[in-house]
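Please open the model in your viewer, with the sequence panel beside it, and follow the stops below in order.

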Amino acid sequence: MSGNKLKHIFRSHRGGSVRCVFLLALLLLLSACGAQTPAELGFLAMDTYVELKAYGDNGEKFLSLANEETVRLEALCSAHSEKSSLYRLNSGESVRDAELDELIARAIAVSRETQGAFDPTLLSLSRLWGFGGGGAATVPDEEDISLALESAGYGKICFSPSGEPELNGVQIDLGGIAKGYAADRFAALARENGVESAFGSFGGMVCAVGTKPGGVKWKVALRDPLSDGFAAVIQVESVCVSTSGAYERYFTHDGKLYHHILDPKTGHPAESDLLSATVVDPSGIRADALSTALFVMGEEDALEFCREHGVCAILITRDKRMVFVGGIEPVKDSVDEAYSPVFEK
């Protein structure tokens, strides 16, 4: 409301102090309601459509910074752009980039924790299948798969005393944690800019900063792997939620579906008894990597891993069960009737 209009309203009611007090209260109420409308921003990055929203006075400034940061991280984590530090590192150049070194170290740490179910060294294998670098999707020869596996393996990477990675012939693909890192930076930028309530969607990764105004938790709808709808809804605050599934990127050949989540042991798309795996964690990087790892593991090993490591997850199985692990529960009556909810402590 403009200042001139505001002055006009008060002049027209000078004769009644009660009316003025009422009007002032109404204006303050309208102003407060307006403050609850979030700033919103959407753009393309990291092979997906990113949607951001934030509440508060610094919302628009924060979202602009988050946009710039996401685009910067896309370039940093790209294994396909010749201008990126990662591309040059994979090409054998000596690259000094502390941020990149830290990302690789964190990816390898999750690889060790999951005993290789998550492995960021499958770039050659991913390209062979046509899931990376813009190549055509195809079913490779077994001999080519074996050769690609020989040039992979997280255990081959060593780190110098100063933290620089020595690849020893392998090539790094940070696609498995890039969106998670973008989510982590989104949350960090919110804190740095005094934003206490924000939400970011980065494809299969979402980041909830705090709660909605008034302390209401954010609702996150879990994609139904068998349709375009939602399988369930959960409520979260101050966490990241990542989902990995066979429905995300795939192609069919001779009537068989081949998805992009490769099993580091076989070099083929993981033959999991899961349709999707969702991880809820304060760390975006960890949620991103672990959702992939749990999908590769399959239900039995994934459940054991979650119990041993205190992971909160939702596993949707091929026999249409939805297994909630680590205390996560769906919003009441939100589980699609096609699935049977199971609760694991």
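Select helix 10 (residues 299-309), whose buried residues are Glu299, Ala302, Leu303, Phe305 and Cys306; buried means under 20% relative accessible area, exposed over 50%, and partly exposed in between, with a 1.4 Å probe and protein chains only. Helices (H or I, at least four residues) and strands (E, at least two) are DSSP runs, numbered from the N terminus. This is a predicted model, in which local features need pLDDT of at least 70 and side-chain atom pairs count only at pLDDT 80 or more, while totals for chains, interfaces and linings use all residues. Residues are numbered from 1 along each chain as its sequence is written, and side-chain values use heavy atoms, with hydrogens and water left out.

Now look down the axis of helix 10: its buried residues fall within an arc of 165°, so they line one face of the helix, the arc being that of the directions from the helix axis to the C-beta atoms. On the other side of helix 10, Glu300 and Glu308 are exposed. Which elements do the buried residues of helix 10 pack against? They pack against helix 5 (98-113), strand 12, helix 9, strand 13, strand 14 and strand 15, where contact means heavy atoms within 4.5 Å. Just after helix 10, select Gly310, which takes a positive phi of about 65°.

Glu299 counts as buried at 13% relative accessibility, whereas Arg321 is partly exposed, with a relative accessible area of 22%.

Nine strands form an open sheet in the order 1-2-5-6-9-12-13-14-15, and the pairing is mixed; two strands pair if DSSP finds at least two bridges between them. Strand 1 and strand 15 (340-344) stand at the edges, each with a single partner strand, so one side of each is left without a neighbour in the sheet. From one strand to the next, the twist averages 10°, with axes taken as lines fitted to C-alpha atoms, for helices over the stretch in contact, and angles running from 0 to 180 degrees between N-to-C directions.

Zoom in on strand 13 (residues 312-317) and strand 14 (residues 321-325), which run antiparallel and are joined by four bridges. Here Leu315 stands opposite Val323 in strand 14. Helix 9 (residues 284-297) packs on the sheet, where it touches strand 6 (205-209), strand 9 (239-245), strand 12 (274-281) and strand 13, and its direction makes about 155° with that of strand 12.

Glu40 lies in strand 1 and Lys53 in strand 2, 13 residues apart. Glu40 is exposed, with a relative accessible area of 56%, while Lys53, at 27%, counts as partly exposed.

Finally, select Asp47, in the loop between strand 1 (39-45) and strand 2 (48-54). Asp47 has a positive phi of about 60° although it is not a glycine, and it is exposed, with a relative accessible area of 81%.
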